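This report looks at how two parts of one protein meet. Please view the sequence and the structure before reading on.

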Amino acid sequence: MRGTITFLLAILLLNSCSEKQKEVAKRPNILFIMSDDHAYQAISAYSDKLIETPNIDRIADEGLLFSNACVSNSICAPARATILTGKHTHLNGKIDNKMPFDTTQVTFPQLFQQAGYQTAMFGKLHFGNSPKGVDEYMILPGQGHYINPDFITPRGDTTITGYVTDIITDLTLGWLKEKRDKEKPFMMMYLHKAPHRPWWPSPDKFAEFSKKTFPEPESLFDDYKNRGTAAKTAEMNLYNHMMYNHDSKVRPETIASMNGVVPQVVEYNNGFYGPYDRANAAQKAKYDVVLDSINEDFKNHWPLMNAKEKMRWKYQRYMQDYLGTISSVDDNVGRVLDYLDESGLAENTIVVYTSDQGFYLGEHGWFDKRFVYDESFKTPLLIRWPNEIKPGTTNDEMVQNLDFAQTFLDAAGITAPQDMQGESLVPLMKGDTASWSREAVYYHYYEYPSVHMVKRHYAIVTKEFKLVHFYYDVDEWELYDRLKDPQEMNNVYTDPAYADVVADLHVKLDELRIHYKDSPELDQKFIDMYQN
Ligand code: SGN
Ligand code: CA
């Protein structure tokens with residue numbers, strides 16, 4: 001009798017074990033792909049005016065595209081800290097690129113690791129040098145380098161010869177092919193440095209894209225009329241602030257040979273010619289072919305150009321380089337998607353493509369980000385999850401990078417900590433739009449005074465409106481009608497026709513600040529910390 005019971009118990013145990021194993025085996029893999037400063041305007045699934053990105057588009061074609069995805073603080077390290085912690089930057093403390101990140105905080109990769117996932121991170125993190133919760137990592141120190149990049153690894157630092165986008169992909173594929181534990185699901189963070197400034201393409205893309213001409217945005221020559229002080233005083237205008245040398249790839253020698261006609265102070269930047277200086281002789285030889293023709297063109301034409309023509313020249317150079325770097329990202333994303341297909345991993349892998357924030361591609365005459373105005377506030381978000389997401393769907397809800405951690409945890413069946421501030425997007429991904437009740441998101445940007453001089457501001461954004469408060473050395477409010485004025489050219493805050501909207505949004509903004517635990521006291525605390 002006892003023998004029979006033991007036998008039955010053993011069978012039961014075996015069964016439950018294998019059930020558990022099946023459950024575990026079913027948990028989806030997560031492949032989180034993020035680029036640095038990739039504007040949605042430069043993804044053909046969003047707009048095909050500038051570039052075709054067939055590989056990134058595949059994720060949307062076979063999955064879901066969020067058309068109103070946005071960030072909570074449009075700058076690099078703060079956005080990354082929000083993604084990792086699921087908290088606004090005023091709570092996770094990484095309010096700007098300079099403030100240190102408190103590494104005792106819980107980040108979502110740690111929760112995946114604890115839940116039995118194999119975890120890895122390759123590419124640009126932008127803060128700290130030993131990310132927590134990842135079994136394997138190779139990350140760029142700080143901003144990292146385009147050419148022959150250095151990497152921080154658990155085994156010490158190393159330098160790899162080649163172009164950064166290809167290398168980060170090689171590392172990612174190498175791990176998937178050789179290091180993956182087939183008994184465990186994985187959570188992989190595949191993080192590109194491109195297309196971050198100074199926008200250095202690979203030699204091939206440099207040659208290809210430097211021959212192209214791109215359409216100009218309507219607001220390239222924006223005069224910032226009907227906007228507040230912040231737009232007028234920001235230092236990110238192509239004509240005034242983009243550097244011929246550092247950005248447009250005009251050689252220091254070319255500028256020096258032009259007898260002082262090229263403005264030196266603003267545009268020359270002390271002869272810094274970063275990525276090229278890192279290249280070896282063979283790499284330089286390839287770049288030189290293209291640089292020669294850019295420099296010839298500059299030398300012959302620039303002295304004859306008027307201000308508008310100079311702006312246009314800079315815009316074309318900017319787009320040629322920026323989009324050249326994107327084209328490499330797209331090719332490399334294609335390599336990874338192909339591998340997922342070949343290996344059979346695609347079926348049970350959630351693939352996410354996003355950027356740490358958006359970017360201005362000449363809209364309002366600007367480059368860079370930081371503002372809550374759409375091009376930098378919104379960010380690309382494309383998600384593929386076979387059998388769960390209906391292919392080719394689009395969603396326009398106000399979703400935010402704040403939601404990523406809880407979304408991934410939810411998809412993997414891991415309980416999210418109570419103090420995370422986002423919401424899981426899994427219901428939206430599965431087409432359950434009825435249960436989604438959020439109408440507005442909260443935004444808060446801090447890094448001022450600093451590079452590009454974008455004033456501190458916080459905002460509430462709904463599908464229809466955007467109410468913004470600029471503060472610190474001004475006290476100005478702006479309201480934009482997102483549906484009637486999608487280019488955000490007219491601040492209608494004092495327009496009597498919008499009085500009710502303004503009153504309503506003020507109340508809602510106050511509520512949001514309380515809901516997310518932000519306050520005037522915290523605003524002041526961060527100002528004091530910044531000044532000390
Ligand atoms: C560098 C860039 C800036 C950029 C910041 C922050 N200048 O300082 O244009 O805004 O990084 O970018 S550069 O001369 O070094 O290219 S972020 O993505 O890291 O937030
Ligand atoms: Ca960035």
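## Polar and charged pairs

Across the interface of domain 1 and domain 2, the rule finds 18 residue pairs in polar contact, both residues being at pLDDT 80 or more. A polar contact is a pair of N or O atoms within 3.5 Å; within protein, one must be able to donate a hydrogen and the other to accept it, and residues adjacent in sequence count only if both atoms are side-chain atoms. On the side of domain 1 that touches domain 2, the elements giving two or more residues are α4 (89-92) and α15. Helices here are DSSP runs of H or I with at least four residues, numbered from the N terminus.

The rule also finds five salt bridges across this interface; a salt bridge is a side-chain nitrogen of Lys or Arg within 4 Å of a carboxyl oxygen of Asp or Glu.

## Basis of the model

This is a predicted model, in which local features need pLDDT of at least 70 and side-chain atom pairs count only at pLDDT 80 or more, while totals for chains, interfaces and linings use all residues. Residues are numbered from 1 along each chain as its sequence is written, chains are lettered from A and ligands numbered from 1 in the order in which they are written, and side-chain values use heavy atoms, leaving out hydrogens and water.

## The two domains

Domain 1 covers 28-199 + 322-435 and domain 2 covers 445-531, with bounds from an automatic or database domain assignment. Their C-alpha centres lie 27 Å apart. Each domain gives 29 residues to the contact, meaning heavy atoms within 4.5 Å.
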